[in-house]
Amino acid sequence: MTGVQTCALPIFREVIVYKPEEYKDIAEEMEDRDAERDKKFEKIDKMHNVKWDMPREWQNTGWIRKYPSTKPADALDTAIRALSTKEPRLSIMPLLPNVETMESFEKIERALMWSWKQIGKRGQFNPTRAMVTSAIKYDEITAQLIHIPTHNKAVQALGKNSSLKGDFQLIVHNPRNVHVQYSDYGFERVVLCKYQPLHKVVDFWGKAGKELQKMVEGTKKSAMTQIVEVYDYWDGDVRYVWAEGVESGWEFDLLEDRKSTRLNSSHIPLS
C-alpha cells in the first residue's frame, strides 16, 4: 500500500512599484502581445457592420461592383436577439443546508437580480444584450462593475459633480480595448485602451483635465476635437492613467494612485 503526502506551500508575492515609463512599456508590451487577437476581433466587427473593401486591383475597374453579403451579420443578430430575451438565472449555493440560510440566500439572489434590472432601466443600455453580444461575437466578455456611491465620492474628489443614481452600474468594453496579463498565480494586471475626443477627456478628469487642456493649448495642434488614446492601467497595488496624442505625440499623466491595495473599480471613477 502506497500513499502520497501533500502540503500547501504559502505563496509570497512581492509588491513591485514601477516608474511611470515602465508602466507605459508594460502596457505597450501587452498591446503587442494581443495584436493578432485584435486583428481577428477587428475583422469580426467589420463583418458584423457589413464593411468589406474590395482588393485594389478590382477598385479601378468599371465592371465590378461591391455587394457585400449580410448573411454573417444576420446570423449574429439572430443569435443575439434570441438569447438577449433570456434573463440571467442567478443561483448562489447556501453555506449551510438549514432553512434560515437558504431563505437568506434567496433574498440575496432577489436583491442582485433587482440591481441587474435597475441597471437596464437607467438608460438605453441593456446589460443582458451587451453581455450576450460580446460572448457571441468574441467568445469573451470584458466588463467593469461600478459601485455608484463610492464612484460619486471619487468624482467629487476630482472637483466635479456626479449625476449617477442607484447602487451599481455596468460598463461592457470591447475586448479589443482590454489587455490582461496572467501568471502562474493567476491575474496580474489589466490595461484598458480607448480612443476618445480630447474634450471628453478634459471634461471627465476635472482638475487633471484642466491641466491637460493648458498643456495642449500650448502646442501647435490644440484642437479640442483631436483624438487621444487613454490608457488605464490596473494591478493589485497601483492604478495609473495617462493620455497620448495620436497625431501630436504628447503624453500626459492623469492619475497615479498607489493607495489602493486591491483591484477595485469602485475606488476611482472610470474614464
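Strands β3 and β4 run antiparallel and are joined by 6 bridges. Strand β4 covers residues 186-197. The model is predicted. Between β3 and β4 sits a hairpin, which connects them through 2 residues.

Now move on to the next strand. β4 also pairs with β5, again in the antiparallel sense, over 9 bridges. Within that pairing, V190 has W234 of β5 as its bridge partner. Strands of a sheet pair through backbone hydrogen bonds, and the pairing may be parallel or antiparallel.

Step back to see the sheet. It is open and has 5 strands, in the order β3-β4-β5-β6-β7. The pairing is antiparallel. Which strands form the edges? They are β3 (178-183) and β7 (251-257), each of which pairs on one side only. From one strand to the next, the twist averages 15 degrees.

The largest nonpolar core has 16 residues. L198, V201, W205, L212, W250 and L254 have the most contacts inside this core. Helices and strands both contribute. α8 (198-204), α9 (206-217), β5 (227-235), β6 and β7 each supply at least two residues of the core. Take V201 as an example. Leaving aside residues up to four places away in sequence, V201 touches Q196, G209, L212, V228, V230 and L254.

There is also a second, separate core. This one has 11 residues, including Y23, V191, Y231 and Y240.

Two of those residues lead to the aromatic rings. A pair of aromatic rings is described by the distance of the centres and the angle of the planes. The model has 7 aromatic pairs. One of them is formed by Y23 and Y240. Their ring centres are 5.8 Å apart, and the planes make an angle of 45 degrees.

Ring pairs extend the picture, linking Y23, Y231, Y233, Y240 and W242 into a cluster.

Finally, turn to a loop. N126 lies between α5 (99-121) and α6 (127-138). How exposed is N126? Its relative accessible area is 36%, so N126 is partly exposed. A polar atom of the N126 side chain lies 3.1 Å from the backbone nitrogen of T128. W116 stands 10 residues from N126 along the chain, and the C-alpha atoms of the two are separated by 9.7 Å.

Conventions: Residues are numbered from 1 along each chain as its sequence is written. This is a predicted model: local features need pLDDT of at least 70, side-chain atom pairs count only at pLDDT 80 or more; totals for chains, interfaces and linings use all residues. Side-chain values use heavy atoms; hydrogens and water are left out. Rings of Phe, Tyr and Trp (its six-membered ring) pair if their centres lie within 6.5 Å; planes under 30 degrees apart count as stacked, over 60 as edge-to-face and the rest as tilted. Two strands pair if DSSP finds at least two bridges between them. Helices (H or I, at least four residues) and strands (E, at least two) are DSSP runs, numbered from the N terminus. Axes are lines fitted to C-alpha atoms, for helices over the stretch in contact, and angles run from 0 to 180 degrees between N-to-C directions. Buried means under 20% relative accessible area, exposed over 50%, partly exposed in between (1.4 Å probe, protein chains only). A polar contact is a pair of N or O atoms within 3.5 Å; within protein, one must be able to donate a hydrogen and the other to accept it, and residues adjacent in sequence count only if both atoms are side-chain atoms. A nonpolar core is a set of buried Ala, Val, Leu, Ile, Met, Phe, Trp, Tyr and Cys residues joined through side-chain atoms within 4.5 Å. Contact means heavy atoms within 4.5 Å.
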